[in-house]
Amino acid sequence: MLSSSLAQQLQAELKGATVLTPGSEGYEDSLRRWSETAEKRAGAVAQVSTPEQVAIVISFARKHHIEQVVRGGGHGTNGASSTEGGIVIDLSKMNRVTVDPDNMTIAAEGGCLWKHVDEAAADYGLAAVGGTVNHTGIGGLTLGGGYGYLTGRHGLVIDNLLKVKLVNADSEIVTASPEEHPDLFWALRGAGASFGAVVEFTYRAHQQREPVWAGMAVFPLDKLALIVKFANDFALSANPDASFNFGFTTPPHAPGPMLVTLGFYNGLGKDGKRIFAPLFEAGPAFQNFGPMPYCKVNALLEESAGHGGRKVIGGAACAIPFAPEFYEEIKQELLSFIEEVPAAKESLLVFELVHHGKVQEVEGSATAFANRGPYYNAVCMTKWNDPNDDDKCRDFTFRLKEKVSEHLIKTSDVNPESIGKYLNYNDLSDGRSDQMFGSHDEKLVALKLKYDPANVFNKWGAVTAAAVEQNHGYNTMNLKPRQIAVE
């Protein structure tokens with residue numbers, strides 16, 4: 001717990017930065033997160049603007065045995081960017097983007113949102129592989145792997161990550177890349193924020209045609225069989241320039257749950273219309289497909305994934321063929337839950353069909369990301385308002401994502417041990433790093449003991465001291481791991 005005298009001392013050491021404490025102007029706003037379930041009352045919020053200031057806070061927190069957390073976009077639901085009584089390292093002022101069109105790179109500070117990156121790159125006719133909601137922070141999405149509309153053509157966000165600058169547990173500012181600290185760079189690509197506070201990401205840029213063709217279409221629930229058939233046909237087409245999402249939610253101004261779809265095609269409108277023609281033939285109740293700049297596509301979900309309210313996210317893997325009868329079961333389960341908790345009617349279950357060919361081209365051992373395979377992501381985002389419904393909503397989310405996971409194992413020939421969990425969709429993780437990272441787990445544990453043996457960075461990502469002791473029998477106080485090769 002940070003005392004008022006220590007908060008004053010931190011402010012004195014952090015010249016040029018703002019330190020907000022309870023009662024000070026701006027403090028309450030600084031605690032706001034995408035989900036109210038992730039909000040906690042910090043002892044101090046350090047609004048930093050340089051890597052050196054980040055280093056000072058980490059050193060200060062370690063010296064005085066105070067919990068510190070890093071806030072990038074504040075978009076998670078598990079509270080990893082918040083602390084009760086500790087220090088928040090708030091990167092939101094570190095939001096500068098530098099585009100180098102000659103070398104086709106984009107450097108973005110750790111507090112950037114994808115909106116900042118998308119718009120800066122668009123000024124040069126470029127784009128980075130980024131997220132699908134533009135008010136998400138770049139840090140969390142990148143460190144967890146990162147899927148986006150351009151993944152089918154260019155791979156994951158981490159497959160386009162060239163280097164990072166971070167502040168490590170010893171308050172050193174270091175660069176990790178294929179040439180510098182390559183083992184650390186390996187871990188950062190998929191294992192979350194267990195190894196440092198990243199203050200800058202450098203991405204590979206791509207030429208981006210304008211406009212793309214994209215939009216949303218909404219259908220009554222009785223069109224489910226038609227939408228599932230289209231999803232199967234779409235997946236089989238394996239088009240790397242197109243993606244398709246489908247699922248269930250109650251759209252704004254709708255009286256109840258409906259089928260929602262989102263299509264994207266990076267190319268000419270006439271080709272996009274041909275790809276998604278069966279959707280329009282199915283008779284949507286609403287659709288807004290059309291040409292738009294790429295940087296606007298990431299704004300399509302702004303309303304349904306907006307800030308405020310209580311939320312929890314759970315993720316699973318799914319694969320074709322999609323069985324209509326299973327999705328009918330899922331629909332009924334969601335409807336029953338909404339009858340029980342009417343305020344949760346805006347909850348969302350979506351299946352994301354992004355072509356995985358480019359993702360699978362990268363060797364599974366090349367990064368810490370453990371989710372490369374012939375399957376797609378499913379995400380359940382439960383939304384509600386009353387804290388009294390917290391347990392009920394979390395339990396429902398867990399049950400639903402487990403149901404999807406079990407269906408994949410029962411109906412496909414995919415080896416369940418080969419399926420890692422997509423960290424960005426697993427705020428309900430039980431902390432088992434072996435389940436999260438599969439065969440990469442032992443190497444990650446060894447790297448954790450090498451780069452952060454004191455477990456300074458322990459709030460997001462499963463590579464924690466607790467996981468080390470639970471899964472491998474290490475004594476993290478003595479720090480004597482068995483010998484594991486770390487390239």
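**An open sheet and its aromatic contacts**

In this predicted model, 5 strands make up an open sheet with antiparallel pairing, in the order 5-6-10-8-9. Strands are DSSP runs of E with at least two residues, helices are runs of H or I with at least four, and both are numbered from the N terminus; two strands pair if DSSP finds at least two bridges between them. Strand 5 (97-100) and strand 9 (173-176) each have a single partner strand, so one side of each lacks a neighbour in the sheet.

Within the sheet, strand 6 (residues 105-109) and strand 10 (residues 197-204) run antiparallel and are joined by 5 bridges. Alanine 107 has threonine 202 of strand 10 as its bridge partner. Helix 3 (residues 51-63) packs on the sheet and touches strand 8 (161-167), strand 9 and strand 10, where contact means heavy atoms within 4.5 Å.

Aromatic pairs are rings of Phe, Tyr and Trp (its six-membered ring) with centres within 6.5 Å; planes under 30 degrees apart are stacked, over 60 edge-to-face, and the rest tilted. The count by this rule is 28 aromatic pairs. One of them, phenylalanine 276 with phenylalanine 289, is tilted, at 5.6 Å centre to centre and 40° between the planes. Phenylalanine 276 lies in the loop between helix 9 (269-275) and helix 10 (277-281), and phenylalanine 289 in the loop between strand 15 (286-287) and strand 16 (290-292), so the pair ties together parts 13 residues apart in sequence.

Residues are numbered from 1 along each chain as its sequence is written. Local features need pLDDT of at least 70, side-chain atom pairs count only at pLDDT 80 or more, and totals for chains, interfaces and linings use all residues, while side-chain values use heavy atoms, leaving out hydrogens and water.

Conventions: Axes fitted to C-alpha atoms, helices over the stretch in contact; angles between N-to-C directions.
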